[in-house]
Amino acid sequence: MGVLERVAKHHDYLVELAEVFADDFAEDIVQEFYLLLHKYKVTEEQMFTNDKLNRGYCFIIIRNIYFQIYNVKKRIVKCELNDEIYNMVDDFDLEKELDWH
């Protein structure tokens, strides 16, 4: 049995751990966790100690994934759509555009 299969047996625990950071996208964090394990070919020695899941290692990985997602979201600037923005779109005049060309 591979590392991913053994870790997947603890899926509920991993989701609970991710919910500590982000309740609304905890499943997404756990999916990223699985992808990282596969990408970096994490060994059983890293993930298990005395046939028990290394929970500290899982916590650190999940925490880092959350911080990566948080930093990306922090860079996205959001603006409120109000009447001024809608009016900018409404002032389009097809005749003026055709005259310009």
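A. What you're looking at is a predicted model, in which local features need pLDDT of at least 70, side-chain atom pairs count only at pLDDT 80 or more, and totals for chains, interfaces and linings use all residues. Residues are numbered from 1 along each chain as its sequence is written, and side-chain values use heavy atoms, with hydrogens and water left out. Here, "buried" stands for under 20% relative accessible area, "exposed" for over 50%, and "partly exposed" for what lies in between (1.4 Å probe, protein chains only). Now for the buried residues of α2: Leu14, Val15, Leu17 and Ala18. These residues cover an arc of only 160° around the axis, which puts them on the same side of α2. The arc is taken from the directions that run from the helix axis to the C-beta atoms.

The elements giving two or more residues to it are α2 (11-19) and α3 (26-39).

C. How many salt bridges does the structure hold? There are 2, a salt bridge being a side-chain nitrogen of Lys or Arg within 4 Å of a carboxyl oxygen of Asp or Glu. One of them joins the side chains of Arg6 and Glu44, at 2.6 Å from N to O. Arg6 belongs to helix α1 (residues 3-8) and Glu44 to helix α4 (residues 44-47), so this pair ties together parts that are 38 residues apart in sequence. Arg6 also meets Asp51 in a salt bridge, at 3.5 Å from N to O. Asp51 is in the loop between β1 (48-49) and β2 (52-53), while Arg6 is in helix α1, so the pair ties together parts 45 residues apart in sequence. Through shared partners, the salt bridges join Arg6, Glu44 and Asp51 into one network. As for cover, Arg6 is buried at 18% relative accessibility, Glu44 is partly exposed at 29%, and Asp51 is exposed at 64%.

D. Tyr34 is found in helix α3 and is buried, with a relative accessible area of 15%. The C-alpha atoms of Tyr34 and Val7 are separated by 8.5 Å, though the two residues are 27 residues apart along the chain. Gln31 is in helix α3 too, and it is partly exposed, with a relative accessible area of 41%. Gln31 and His11 are 20 residues apart in sequence, with 9.8 Å between their C-alpha atoms.

**E. Two loop residues with positive phi.** Most residues other than glycine have a negative phi. Lys41 isn't a glycine, yet its phi is positive, at about 50°. Look for Lys41 in the loop between α3 and α4, where it is exposed at 67% relative accessibility. Asn50, also not a glycine, has a positive phi near 55°. Asn50 lies in the loop between β1 and β2 and is exposed at 73% relative accessibility.

Stepping back to the protein chain. The secondary structure comes to 7 helices and 2 strands, counted as DSSP runs numbered from the N terminus (helices are H or I, at least four residues; strands are E, at least two). In what order do the elements run from the N terminus on? They go α-α-α-α-β-β-α-α-α. Of the 101 residues in the protein chain, 24% are buried.
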